[in-house]
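Visitor: I would like to go through the side-chain packing of this model. Could we begin with the aromatic residues?
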Amino acid sequence: MKYLNQLSIVLLLLFISQSTAFGQSNCNFSVRGKVVDTESNEAIEGAYIWIKELEKGAITNPNGNFNFENICEGHYIITVEFLGYSPQTVQLNVHENVNLTIRITPKEYLIDGVEIVGHKDAVSTLNNISNIGKAILDENRGKNLGETLKDLPGVTTFTTGANISKPVIHGMHSNRIMILNNGVRQEGQQWGGEHAPEIDPFMAEDISVVKGAETVRFGPEAMGGVILVTPPKLPVSGGLKGAANLIGATNGQSGAGSISLEGGIKKLQGFGYRVQASSRVGGNIKSPNYYQDNTGMRELNFSGALGYNTKTLGMELFYSRFSTEIGILSDSHTGNSSDLDDLIENGRPFSDKGFSYSIENPRQKVNHQLFKAKGHYHLNNDGVVNFSYAFQKNNRQEFDKRRGSLNDHAALDLELFTNTFDVSYEHPTFKKWDGTFGINVLQQANNNVPGTGVTPLIPNYDLVNLGAYATEKYINGPFEFEAGARYDFRYVDAARYNQSGELEERDFTFKNFTASLGAAYSFNNYWMITSNIGSAWRPPNINEQFSQGLHHGAAAVEIGNPDFVSEQAIKWVNTLNFTKDKLSAELTGYYHKINNYIYLNPTGEQYVSLRGTFNVYEYLQTDASFWGIDLSTNYELLPTLSWYIKGSIIRAKNLIDHNYLPFIPADQIETGLNYQKEQFGKLTLSNLSVFKQRREPDFDLAPAPPGYNLWNISYNRTIFSATSSSLKGGLSVNNIFNTEYKNYMNRFRYFSHEMGRNISLRLKYEF
């Protein structure tokens with residue numbers, strides 16, 4: 001019995017020691033992860049993560065990341081749920097710190113025996129992306145694309161007068177920025193500084209800006225960045241819904257409106273359609289102290305789409321027509337050299353004819369049509385084949401002040417026909433790798449329509465570009481890696497009659513290899529860093545090679561050089577994101593080195609003709625460097641009150657001549673307060689400070705204008721909301737104090753000011 005008692009005591013001590021050992025197991029492990037879409041590889045914000053055994057939950061942040069701390073060693077089941085996706089369950093064995101990637105798949109819906117599944121069109125990139133969603137777009141309805149985008153850090157505008165603006169990303173614009181209009185590369189006469197993109201922002205539900213070089217995916221014209229204009233997804237079930245917008249503004253006494261209808265057929269699940277139309281009309285713009293004569297505009301647009309989607313197959317047809325007529329400031333076309341010098345010295349027009357809706361010469365008329373057919377097919381191995389074909393026709397007419405019957409004839413009449421074909425294959429995920437292989441084909445024909453009576457500014461030409469690319473992306477928990485490569489071949493054949501009546505013909509062949517590398521790492525739920533470096537190239541555009549004469553819309557003579565070589569560039573972009581509690585911040589730094597950079601430079605000379613006197617600009621080529629910083633922050637002062645700061649600086653240098661480049665955006669910073677409450681709506685008060693551009697080239701027609709401050713206020717709220725309809729309204733006042741100022745990025749700043757105070761009212765009815 002004695003030995004039995006001793007054995008019992010030993011066994012009891014062993015049991016206690018084991019229990020103590022289990023009770024003291026390591027509970028200092030972390031479980032971190034990322035939730036992504038299976039198809040597009042995009043991070044999913046707002047997914048719900050639940051650990052069943054611990055009864056702990058978390059929500060993924062904007063980068064798709066989640067984090068659990070102080071997790072004990074053991075076995076757990078993690079469930080991931082997100083609206084529109086099938087729930088995903090993951091078994092986890094924790095014996096060390098865990099990093100994992102969880103992929104979730106769009107949910108399949110069974111409706112009357114037909115399975116419907118969505119397909120995401122996305123740009124899967126580690127480059128910095130800024131986004132304007134539906135709510136912000138609604139607050140900016142009635143503006144053109146450039147004005148809509150310029151509130152984003154790092155994005156400004158290059159303008160010609162009051163109504164023509166082009167987006168500028170980190171100092172790049174025109175043929176260095178690619179615009180994807182519903183997935184199709186927009187092809188018009190975008191080479192001109194006063195050739196605004198033929199895009200209707202009313203069509204968009206979302207606009208995104210990729211700020212890094214994206215030539216690997218899209219080709220040479222994406223060396224400065226990409227703008228994606230995305231309409232809403234087509235419906236896949238029966239029913240009808242729509243929206244109508246109505247906007248009025250005091251400056252220019254302008255008005256704008258749009259209507260869209262979309263729906264499907266109950267007996268044909270998966271079929272959807274949409275029709276949309278918009279219009280804008282405005283008269284002479286008013287600077288604080290005078291009207292700008294002949295600055296009215298008219299615009300009429302239409303688009304329509306049909307689509308059919310099943311679980312494995314998706315097809316869509318899309319058509320859009322953009323039509324606009326824009327007046328060019330009358331005083332930009334002067335009679336003689338002394339008039340032009342006096343106008344620049346005066347800094348504003350000598351005349352003030354008051355308000356008018358009439359549009360006279362000089363003016364522009366532009367018509368752009370786009371037809372697209374696209375589709376995708378899900379293979380049995382989970383791979384996806386995407387294909388699209390698009391045809392575009394762009395007709396640009398520019399009318400100058402001319403004598404007699406010639407005044408009714410365009411002095412520049414161009415027709416551009418473009419065919420594009422794209423096919424890509426997204427291979428299934430293999431050991432955490434996702435990738436895409438693709439081919440792009442671009443064919444263009446540009447024709448000068450006869451009968452202008454003027455030697456064409458640019459020649460007729462035919463262009464073919466062939467490109468093949470591959471990208472691969474690796475995701476493992478908080479770490480992402482991406483690599484890509486592309487090869488392009490371009491052939492251009494140009495011909496025209498010169499001023500002596502002789503036929504000039506030149507053909508060019510360009511080819512280039514580009515590559516990119518990117519990585520992202522989430523330190524925790526709060527901090528994330530991304531870095532992307534990519535090579536890029538751009539062959540000289542036809543206007544840079546052959547411009548020879550008066551560019552009417554710009555009121556300038558431009559001279560090109562056919563011996564230019566291709567631009568070669570490398571861009572490195574780094575972005576640091578922080579999101580925690582009341583503070584969110586994003587800081588982006590970049591460096592862009594471009595060899596053989598082509599730019600338009602004022603010569604100081606003047607060209608005198610029967611049509612007036614014009615400044616002469618010459619295209620030059622040099623090596624250049626660009627670097628800069630973008631900042632965007634938001635801090636929640638109270639549950640209903642937040643304070644934001646956003647700004648950007650850019651430095652650009654001519655590395656050969658050791659001076660500065662023309663038309664580089666000045667430093668700017670914007671601060672504001674947002675007050676938002678459910679029953680009240682949203683009230684925003686902001687101040688924009690733009691500094692003087694002190695880094696000017698050695699010669700310019702006039703010194704850079706001084707800096708300025710603008711105060712703006714806006715109020716937006718839902719007026720009423722029912723089950724199937726709602727009415728939203730907005731009131732905004734830009735330039736509250738009617739400040740007189742000039743923007744360095746306006747080509748007409750030499751002889752006119754910017755728009756004065758503008759009050760606009762917006763209404764949107766959804767049903």
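Visitor: Are Phe-748 and Phe-751 buried or exposed?
Guide: Both Phe-748 and Phe-751 are buried, where buried means under 20% relative accessible area and exposed over 50%, with partly exposed in between (1.4 Å probe, protein chains only). Please note that this is a predicted model, in which local features need pLDDT of at least 70, side-chain atom pairs count only at pLDDT 80 or more, and totals for chains, interfaces and linings use all residues. Residues are numbered from 1 along each chain as its sequence is written, and side-chain values use heavy atoms, without hydrogens and water.

Visitor: How many aromatic pairs does the structure hold?
Guide: There are 20 aromatic pairs. Rings of Phe, Tyr and Trp (its six-membered ring) pair if their centres lie within 6.5 Å; planes under 30 degrees apart count as stacked, over 60 as edge-to-face and the rest as tilted. The ring centres of Phe-66 and Phe-68 are 6.1 Å apart and the planes are at 65°, so this pair is edge-to-face.

Visitor: And what is the pair of Phe-748 and Phe-751 like?
Guide: That aromatic pair is tilted, with 5.4 Å centre to centre and 45° between the planes.

Visitor: Turning to the nonpolar cores, how many residues has the largest?
Guide: The largest nonpolar core has 38 residues, a core being a set of buried Ala, Val, Leu, Ile, Met, Phe, Trp, Tyr and Cys residues joined through side-chain atoms within 4.5 Å. Leu-149, Tyr-597 and Phe-626 are among those with the most contacts inside it.

Visitor: Which residues belong to the other core?
Guide: Another core, of 25 residues, lies apart from the largest one and includes Leu-329, Leu-340, Leu-343 and Phe-564.
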